[in-house]
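Let me put the thing up on the screen and then talk you through a bit of it.

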Amino acid sequence: MDGLTEDHTTSGIRIKSMPPRRPGGEHDYRNICMRDVPIPIAISPYYNNQTGGFVDPGIKGTRIPEYRSITLENITDLTPGDVLIAG
């Protein structure tokens with residue numbers, strides 16, 4: 001994703017998956033500007049269809065999604081917000 005402007009959205013950049021899914025490929029986000037976005041960045045391998053905070057469900061084993069090669073470059077958030085990263 002390159003050159004995006006987001007205004008008044010619930011969340012901005014969301015990288016999500018859930019066991020037993022395994023995301024593939026690279027995640028590249030560049031030149032993004034956000035305003036009035038309460039959660040500008042959210043990354044979770046435990047996605048449960050909710051936008052709020054993350055809860056670790058305690059899943060063990062080899063079926064937990066793995067994220068590799070995430071690029072966040074020139075990301076601007078013009079209003080305060082929370083960055084949520086679960087792993």
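This is a predicted model: local features need pLDDT of at least 70, side-chain atom pairs count only at pLDDT 80 or more; totals for chains, interfaces and linings use all residues.

Residues are numbered from 1 along each chain as its sequence is written, and side-chain values use heavy atoms, with hydrogens and water left out.

We've got an open sheet of 3 strands, ordered E1-E3-E5, with parallel pairing. Strands E1 (2-7) and E5 (70-77) sit at the edges with a single partner strand each, so one side of each has no neighbour in the sheet. The twist from one strand to the next averages 25 degrees; axes there are lines fitted to C-alpha atoms, for helices over the stretch in contact, and angles run from 0 to 180 degrees between N-to-C directions. On terms, strands are DSSP runs of E, at least two residues, numbered from the N terminus, and two of them pair if DSSP finds at least two bridges between them.

E1 pairs with E3, residues 27-35, over 5 bridges, and E3 is joined to E5 by 7 bridges. Keep an eye on arginine 30 in E3: aspartate 2 stands opposite it, and its bridge partner in E5 is glutamate 73.

Now, how many salt bridges does the structure hold? There are 3, where a salt bridge is a side-chain nitrogen of Lys or Arg within 4 Å of a carboxyl oxygen of Asp or Glu.

Aspartate 7 and arginine 35 make one of them, at 3.1 Å, N to O. That pair links distant parts of the chain, with aspartate 7 in strand E1 and arginine 35 in strand E3, 28 residues apart. Aspartate 7 is partly exposed at 33% relative accessible area, and arginine 35 is partly exposed too, at 38%. For the cut-offs, buried is under 20%, exposed is over 50%, and partly exposed is in between (1.4 Å probe, protein chains only).

Back to arginine 30, partly exposed at 27%. It forms a salt bridge with aspartate 28, closest N and O atoms 4.0 Å apart, and meets glutamate 73 in another, at 3.7 Å. Arginine 30 is in E3 and glutamate 73 in E5, so this pair ties together parts 43 residues apart in sequence. Through shared partners, Asp28, Arg30 and Glu73 end up in one network.

Methods: Helices (H or I, at least four residues) and strands (E, at least two) are DSSP runs, numbered from the N terminus.
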